[in-house]
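Subject: Structure for you to look at

Hello,

Here is the structure I said I would pass on. Please open it and keep it beside you while you read the rest of this email.

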Amino acid sequence: MESNDTPLLQVRDIVKNFGALRVLDNISFDLNISEVLTIIGPSGSGKTTLLRCINGLEKISGGEIIIDGEHLNPNSKDVHKIREKVGFIFQKFNLFNHKTAIENIKIAQKIVKKRSDKEATEVALQLLKIVGLSDKVNTYPAQLSGGQQQRVAIARALAMDPKLLLMDEITSALDPELVSEVLDVVKQLAIGGMTMIIVTHEMRFAREVSSRVIFMDDAKIVEEGKPEKIFSAPEQERTKAFLVSILSH
Amino acid sequence: MRTSKIRVFNTLSWIYVYIIRGTPLLMQLFLVYYGLPILLGYAIPAFTTALIGLTLYATAYLGEIVKAGLQSVDIGQKEAAKALGMNTIQEFRYIVFPQTLPLIIPNAVGFFIALIKDSSLVSAIGFMELTRSSKLVIARTFQPFTVYAVVALIYFIVCYVMSKVSQKVEERFDILYGK
């Protein structure tokens with residue numbers, strides 16, 4: 001897509017090493033507002049690490065990440081200010097165990113965004129309604145199913161009005177029958193114009209929801225393009241082999 | 001400090017904890033009682049000795065209890081706090097610390113119960129606590145069984161009340177977190 005605006009996210013030649021192991025090798029891409037980028041690839045290819053680098057949960061070893069015009073420096077004291085703009089949904093939900101669904105959604109609004117209790121409550125109730133959990137307002141995470149917990153986690157991230165949402169295999173820890181209730185919420189977000197980077201193994205979902213797909217293998221971007229192209233007519237042998245292996249079971 | 005990333009602190013506190021946990025409390029009390037006057041050049045009262053000895057002992061154990069509490073909080077909780085834009089202090093204050101309490105409180109109470117009973121040892125260095133007082137009473141009344149029975153009952157009541165309170169607190173946490 002041609003756009004004169006600066007991309008929301010610029011990833012420039014980033015490198016990440018864990019000791020002697022290189023897990024990200026010169027990764028570069030841009031992401032425009034309202035784009036939904038899906039990253040696919042075998043486990044260990046660096047997808048999750050890439051996502052974690054983009055909000056500073058991992059420190060990059062080289063290159064640069066620019067979000068909304070600001071350089072991300074994980075060592076900076078102000079890294080939490082950039083993180084306000086970047087929501088992250090975890091594979092294992094990571095809801096705060098000692099807080100109810102609504103408190104999970106309110107806490108960061110109040111202490112980070114300095115919203116009043118009334119305002120935070122209104123936002124939280126509205127979001128719980130959107131993710132279909134209006135009846136679970138005062139329920140603790142331990143009493144929610146995986147799918148419900150993940151929907152609360154999405155609401156919690158949305159409450160911070162993020163410009164970008166990062167989703168790290170958000171359905172991988174779920175029982176199969178709970179996957180669709182979470183993916184339906186994500187589809188609604190995509191339709192609503194939310195900018196997202198999604199790491200997933202759900203290929204049908206990826207094809208349906210993405211505006212662009214990146215295939216990663218062995219720490220590198222192997223191929224990138226429109227979902228129709230990647231899934232129907234991949235150019236690289238490695239992409240073909242991966243798709244065959246994942247679709248055959 | 002045992003969770004500290006700074007190596008020197010980590011090593012020093014490791015040595016401290018292992019010495020205190022690896023030696024009997026009675027020996028530590030004797031070492032403080034006979035050792036401190038040599039270092040300082042003058043004698044110190046039994047109360048001060050008992051206070052210093054028990055403090056050294058308690059810090060080592062409580063430090064380990066707090067450490068275990070902090071380490072029990074899943075890294076995912078901290079990452080979620082960070083990802084929502086919380087700074088380190090907010091992350092600790094609102095997310096990590098409240099979740100350590102259900103583990104720290106019962107363990108700390110258990111330790112204090114043991115400590116109250118162990119405090120009878122300070123009678124050995126001449127401090128007038130419950131056990132030593134009882135010896136004086138026995139010397140006057142010549143009724144060791146009755147006196148020791150009463151003393152044991154006092155220890156029991158104090159410890160029993162503490163463990164009951166701790167149990168209530170634990171139950172509260174369980175209800176609170178919906179377990």
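Predicted model: local features only at pLDDT ≥ 70, side-chain atom pairs only at ≥ 80, totals over all residues.

The six-stranded sheet

One sheet in chain A is open and has six strands, in the order 6-7-8-3-9-10, with mixed pairing. Strand 6 (86-89) and strand 10 (220-225) of chain A are at its edges; each has a single partner strand, so one side of each has no neighbour in the sheet. From one strand to the next, the twist averages 20°.

Helix 6 of chain A, residues 179-191, packs on this sheet. There it touches strand 3 (36-40), strand 7 (164-168) and strand 8 (196-199) of chain A. The direction of helix 6 makes about 150° with that of strand 8 of chain A.

At one end of the strand order, strand 9 (residues 212-217) and strand 10 of chain A are antiparallel and share five bridges. Two pairs can be picked out by eye. Phe215(A) has Glu223(A) in strand 10 of chain A as its bridge partner, and Ile214(A) is paired with Glu224(A) in that strand. Strands 9 and 10 of chain A form a hairpin, with two residues between them. In the turn, Asp218(A) has a positive phi of about 55°.

The four-stranded sheet

Another open sheet in chain A has four strands in the order 2-1-4-5, and its pairing is antiparallel. Strand 2 (21-31) and strand 5 (70-71) of chain A are the edge strands, each pairing on one side only.

Inside this sheet, strand 1 (residues 9-18) and strand 4 (residues 62-67) of chain A pair in the antiparallel sense, with five bridges. To find the place, look for Arg12(A), which stands opposite Glu64(A) in strand 4 of chain A. Helix 1 of chain A (residues 47-54) packs on the sheet and touches strands 1, 2 and 4 of chain A. Its direction makes about 60° with that of strand 2 of chain A.

The contact between the chains

How much area do chain B and chain A bury between them? The value is about 2000 Å², with 63% of it on carbon and sulfur atoms. Chain B puts 20 residues into the contact and chain A puts in 26 residues.

One salt bridge is found across the interface of chain B and chain A. Glu79(B) forms a salt bridge with Arg52(A), and their closest N and O atoms are 2.6 Å apart. Eight residue pairs across the interface are in polar contact.

On the side of chain B that touches chain A, the elements giving two or more residues are helix 4 (75-83) and helix 5 (88-118) of chain B. Helix 4 of chain B gives the most, with seven residues. The residues on that side of chain B divide into 10 nonpolar, seven polar and three charged.

Regards

Definitions and conventions: Residues numbered from 1 in each chain as written. Chains lettered and ligands numbered in written order. Heavy atoms only, no water. Pairing = 2+ DSSP bridges. Axes fitted to C-alpha atoms, helices over the stretch in contact; angles between N-to-C directions. Contact = heavy atoms within 4.5 Å. Buried area = accessible area lost by both parts, 1.4 Å probe. Salt bridge = Lys/Arg side-chain N within 4 Å of Asp/Glu carboxyl O. Polar contact = N/O pair within 3.5 Å; in protein donor to acceptor, adjacent residues only side chain to side chain. Nonpolar A, V, L, I, M, F, W, Y, C, P; charged D, E, K, R; others polar.
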